[in-house]
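Subject: Structure handover

Hello,

Here is the structure I promised to pass on. Please open it alongside this note, and then read what turned up.

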Amino acid sequence: MGTDQGVDLATVRALEERAFNAWPSLQTVLADGWVMRFAAGYTKRANSVNAWAPGCDIAAILAVAAPLYARAGLPLIVRLTPLTGPTADAELGAKGFCAIDETLVMTAPLPGPSAADPDVVIAARPDAAWSSGFAAANAVPAPHRATHDAMLAAIRWPAAFARLERDARTIAWGLGVAERGMIGLFDIVTAREARRAGAARQLVGGLLAWGRTQQATTAYLQVVATNAPAIALYRRFGFTEAYRYHYRIAP
């Protein structure tokens with residue numbers, strides 16, 4: 001497991017910025033080219049140390065980050081992207097940090113404008129029904145619901161809180177966030193009893209069509225590398241791998 005150092009770092013930085021803005025943490029601390037994110041422990045993306053400039057000193061940031069995460073009652077997690085440099089992963093491994101959750105960041109050019117799908121209902125803000133259905137389908141633990149809702153409320157760029165309706169009931173949920181010519185797709189999830197019936201494909205199509213209305217020309221998403229069905233779905237929409245990241249968790 002590792003990060004690809006052959007990718008264009010300007011592209012990585014552009015995608016990282018947008019993904020952070022689309023999935024905001026509750027608190028952010030900046031230090032020496034690193035971003036430390038805190039969100040009461042809900043999702044590793046929002047509770048990890050992230051490189052913000054290429055090739056920063058991993059040992060120095062660990063000394064800064066360790067007491068901050070300990071004070072917050074959180075594990076020390078480092079998210080390793082190509083911005084972290086070529087040696088950080090090995091250095092963390094030597095310190096006993098466990099590697100988990102290799103993830104693909106994928107991008108695709110958006111097709112031309114298309115008609116909106118009437119079954120994909122999009123709102124600019126989440127209502128109680130969307131939030132509860134989305135949280136249930138994503139198995140958000142009850143103690144994290146308030147944090148989850150606060151993170152969604154903190155999104156400042158135009159957002160699409162989407163749901164797919166069939167036979168007068170909601171069977172899929174997803175989030176799209178548009179920023180500076182791109183739309184990010186997050187947490188596309190289908191109710192268990194409705195899976196393998198094209199719901200995710202239909203919802204993704206609806207979100208991409210919405211992205212076009214926001215002047216986006218490119219879409220991006222993040223998907224765990226072991227999720228072969230999701231990757232296959234996204235490839236059918238033209239998504240290809242831009243880079244990978246993974247996490248290292250302190251022993």
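Start with helix H6 (residues 199-213), whose buried residues are Ala199, Gln202, Leu203, Val204, Gly206, Leu207, Leu208, Ala209, Trp210 and Gly211. Buried means under 20% relative accessible area, exposed means over 50%, and partly exposed lies in between (1.4 Å probe, protein chains only). Helices (H or I, at least four residues) and strands (E, at least two) are DSSP runs, numbered from the N terminus.

Before going on, a word on the source. This is a predicted model, in which local features need pLDDT of at least 70 and side-chain atom pairs count only at pLDDT 80 or more, while totals for chains, interfaces and linings use all residues. Residues are numbered from 1 along each chain as its sequence is written, and side-chain values use heavy atoms, with hydrogens and water left out.

Back to H6. The helix has 15 residues. From first C-alpha to last it reaches 22 Å, close to the 21 Å expected at 1.5 Å a residue. The expected span is 1.5 Å times one less than the number of residues. What do the buried residues of H6 pack against? They pack against strand E6 (120-123), strand E7 (159-166), E8, E9, E10 and helix H7 (228-236). Just after H6, Gln215 takes a positive phi of about 65 degrees.

Strand E9 covers residues 182-190. Eight of its nine residues are buried, so E9 is largely enclosed by the rest of the structure. E9 is joined to strand E8 (residues 169-179) by seven bridges, and the two run antiparallel. Two strands pair if DSSP finds at least two bridges between them. The hairpin of E8 and E9 has two residues between the strands, and Arg180 there takes a positive phi near 50 degrees. E9 also runs parallel to strand E10 (residues 218-224), with four bridges joining them. Look at Gly184 in E9. Its bridge partner is Val177, and Gly184 also stands opposite Tyr220 in E10.

Now helix H2.

H2 covers residues 58-71. Its 14 residues should span 20 Å at 1.5 Å a residue, and the end C-alpha atoms are 20 Å apart, which agrees. H2 bends by about 30 degrees at Ala65, and Pro67 follows within four residues. The bend is the angle between axes fitted to the seven residues ending at a residue and the seven starting there. Which residues of H2 are buried? They are Ile58, Ile61, Leu62, Ala65 and Tyr69. Their cover includes strand E1 (27-31), strand E2 (34-38), strand E3 (49-51), E4 and H3. At the start of H2, a side-chain oxygen of Asp57 comes within 3.0 Å of the backbone nitrogen of Ala59. Just after H2, Gly73 takes a positive phi of about 70 degrees.

Then the charged pairs.

How many salt bridges does the structure hold? It holds ten. A salt bridge is a side-chain nitrogen of Lys or Arg within 4 Å of a carboxyl oxygen of Asp or Glu.

One of them joins Glu16 and Arg79, with the closest N and O atoms 2.6 Å apart. Glu16 lies in helix H1 (residues 9-22) and Arg79 in strand E4 (residues 77-80), so the pair ties together parts that are 63 residues apart in sequence. Both Glu16 and Arg79 are buried. The relative accessible area of Glu16 is 1%. Its side chain also makes a polar contact of 2.6 Å with that of Tyr243. A polar contact is a pair of N or O atoms within 3.5 Å; within protein, one must be able to donate a hydrogen and the other to accept it, and residues adjacent in sequence count only if both atoms are side-chain atoms. Leaving aside neighbours within four places in sequence, Glu16 is in contact (heavy atoms within 4.5 Å) with Trp52, Arg79, Thr81, Leu83 and Tyr243.

Asp89 and Arg248 form another salt bridge, at 2.8 Å between the closest N and O atoms. Asp89 sits in helix H3 (residues 88-94) and Arg248 in strand E11 (residues 240-249), 159 residues apart. Asp89 counts as buried at 14% relative accessibility, and Arg248 counts as buried at 13%.

Arg244 and Glu241 also meet in a salt bridge (2.9 Å, N to O). Arg244 is partly exposed at 27%, and Glu241 is partly exposed at 35%. Finally, salt bridges link Arg13, Glu17, Glu179 and Arg180 in a network.

Best wishes
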